[in-house]
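Let's take a walk through this structure together, with the model open beside the text. Keep a viewer handy so that you can follow each stop.

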Amino acid sequence: MCKSCKGKYYMTTAIAYTSGKPHIGNTYEIVLADSIARYKRLEGYDVFFQTGTDEHGQKIEEKANGAGVSPKEYVDGVAGQVKAIWDLMNTSYDKFIRTTDADHERQVQKIFKRLYQQGDIYKGHYEGLYCTPCESFFTESQLADGKCPDCGGEVTPAKEEAYFFKMSKYADRLIDYINSHPEFIQPVSRKNEMMNNFLLPGLTDLCVSRTSFRWGIPVDFDPKHVVYVWLDALTNYITGIGYDCDGNSTEQFARDWPADLHLIGKDIIRFHTIYWPIFLMALDLPLPKQIFGHPWLLQGEGKMSKSKGNVLYADELVDFFGVDAVRYFVLHEMPYDNDGTISWELLVERLNSDLANTLGNLVNRTISMSNKYFGGEVKRTGVIGEADADLKQVVTGTVEKVAAKMEQLRVADAMTEIFNLFKRCNKYIDETMPWALAKDESQRDRLAEVLYNLVESISIGTTLLSPFMPETAEKIFAQIHGRSRSFEELGSFGLYESGTHVTEKPEILFARLDMEEVLAKAAELHPLAEEEAAPLEPGIDIEPKDEITYDDFTRLQFQVGEIIACEEVPKSKKLLCSQVRIGSQTKQIVSGIKAHYSAQEMVGKKVMVLVNLKPAKLAGVLSEGMLLCAEDDQGALSLLVPERKMPSGAEIS
């Protein structure tokens, strides 16, 4: 089959910001993108997969100054770290672009000048609130509790001469496009957020240049200005494949644009679904076919933070678990729409249960039995048993199930289907009991057929697994002396060549890990700094309530709950609506804590819940319990959380 039979597929990740070494949450995106790229190649697409680094802006300039090096020296170092981690994770990108590449910088200058000459960009003055980490200006009304609505950080007043892009000129056209192309922004929740929060209320003109710092691409006709980072960064998707603003674009650009997929984090969805399409409209270029805003990978109780000592890095995790185990975890544990959670404990549990037991044990048992009973030969005899038909149906049916999930970019669900195939193989061993068949010489041909069916099922499952865990797939094929199938071959059962010999000594794919040993090593790797002793803070007194009896107390049911989703209550300045998992049930709880917690930082928290409170409606939303908080004399709230790790549903007494 020719590689390009199904046509081209151009996909990109967001380019990593070179402010520091990427943690595992950042690394998740490149692994996710790689799995999609590899799967599309398996399907027969001619894939071009681009990633890279975003290297300009005020934050970079400040970081470089603090390090005592030039901005270029600083970004060279960080870009090298990014690329090293992308390579460590065995990602198959075709191009790594840097926004300091000379050809990219030239095109950005030409694009800026063209947009200025055609009247889309004009010079003015900007006065607003600026978030340095996000490189973004905001109006007072756009802030969330006085903080940046994107990262929650501080904003500072800023006033300077700047060039602006007339966003409103293209807003109606973009709204029409989004409404007529339901697949354009995914998941749907991201589309609704952009439409309701930004497009429908009306777009303000966008600041596209700065004069208060120098680390950026100069505006060639007004060199005291540098190009605003988003106009610079977003255009990498076209400059990287040969776009030329003067009309001399490459053959690759003509073939690959528009992009089939921009894969980005949900925190930068606004820039990609509003600013970027409008820039493209102004350049008279087609829009990308799909923009997918993936959720975040959180560590423990919240976002990763160096100050909390809870940042996990891919290279550290690989040292403990191996590349494919880390790939498996971040891909399998990330929901389609909601944030996922990573921890040392969860990694160990998944490696031991899914990788060592379900997959590794299956391959090892099958090869070992083939060697024990037939000298390693895997031979088809045609002696069919009762369990065979269902096994074959599950195995070949998995191909369509995986294809359907991957078409929707539901990667975690696709991996679940693949591991269901491996689980079915393990069940088949229990059903057919090869060790019992081996005791009866008259069942020898039946035993051979059972082992053939297992090796063939493993071959199909391993081919499906290869986009997600490529090194593991190579190891399995090497041990069974098999090959990866073409996509068309995956629907056929029986292509493993009869008479093939498996390896004499099967390799352990994943060794089980001891939880306590891993946690002890992890603690050595990330020791939390001991806090200096501080004088006792003065306490506060509150008005006492009437005494209660023990019987009064026992009527109240308190349990540990885990917040699995949270969103703001529409038209309310105070309320958040949380979905709280308590044991096997989920309760919806509305809390007046919006001034103290953002919806995104609530997800993943273990909290103390009053669960038998009579349901009531707050701002029209049903609340089925109460989250317990402490309040100081200034009115600041703090959720009460368990001091130690406790399961959801644990009773509080």
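What follows looks at a pair of packed helices and then at some salt bridges.

Before we start, please keep in mind that this is a predicted model.

Let's begin with the helices. Two packed helices are described by the angle between their axes and the distance between the axes. Here the pair is helix 11, residues 314-321, and helix 13, residues 344-374. If you look at how helix 11 and helix 13 cross, you will find a right-handed arrangement.

Now zoom in on the side where the two helices touch. Helix 11 brings Leu 317, Phe 320 and Phe 321 to the contact, and helix 13 meets them with Trp 344, Leu 347, Val 348 and Leu 351.

Next come the charged side chains. Across the whole structure, a search finds 33 salt bridges. One of them pairs Arg 41 with Asp 94, whose closest N and O atoms are 3.5 Å apart. This bridge links distant parts of the chain, as Arg 41 sits in helix 1 (residues 24-43) while Asp 94 belongs to the loop between helix 3 and strand 4, 53 residues apart. Arg 41 is partly exposed, with a relative accessible area of 26%, and Asp 94 is partly exposed too, at 39%.

Another salt bridge joins Glu 55 and Arg 98, with 2.6 Å from N to O. Glu 55 lies in the loop between strand 3 and helix 2, and Arg 98 lies in strand 4, so this pair ties together parts that are 43 residues apart in sequence. Are these two residues buried or exposed? Both Glu 55 and Arg 98 are buried.

Our last pair is found within helix 3, where Asp 76 and Lys 72 are 4 residues apart and so separated by about one helical turn. Asp 76 forms a salt bridge with Lys 72, and their closest N and O atoms are 2.8 Å apart. Asp 76 counts as partly exposed at 33% relative accessibility, and Lys 72 likewise counts as partly exposed at 34%. Through salt bridges that share partners, Glu 55, Lys 72, Asp 76 and Arg 98 are joined into one network.

Terms used
Residues are numbered from 1 along each chain as its sequence is written. This is a predicted model: local features need pLDDT of at least 70, side-chain atom pairs count only at pLDDT 80 or more; totals for chains, interfaces and linings use all residues. Side-chain values use heavy atoms; hydrogens and water are left out. Axes are lines fitted to C-alpha atoms, for helices over the stretch in contact, and angles run from 0 to 180 degrees between N-to-C directions. A crossing is left-handed if the near helix is turned anticlockwise from the far one by less than a right angle, and right-handed if clockwise. Contact means heavy atoms within 4.5 Å. A salt bridge is a side-chain nitrogen of Lys or Arg within 4 Å of a carboxyl oxygen of Asp or Glu. Buried means under 20% relative accessible area, exposed over 50%, partly exposed in between (1.4 Å probe, protein chains only).
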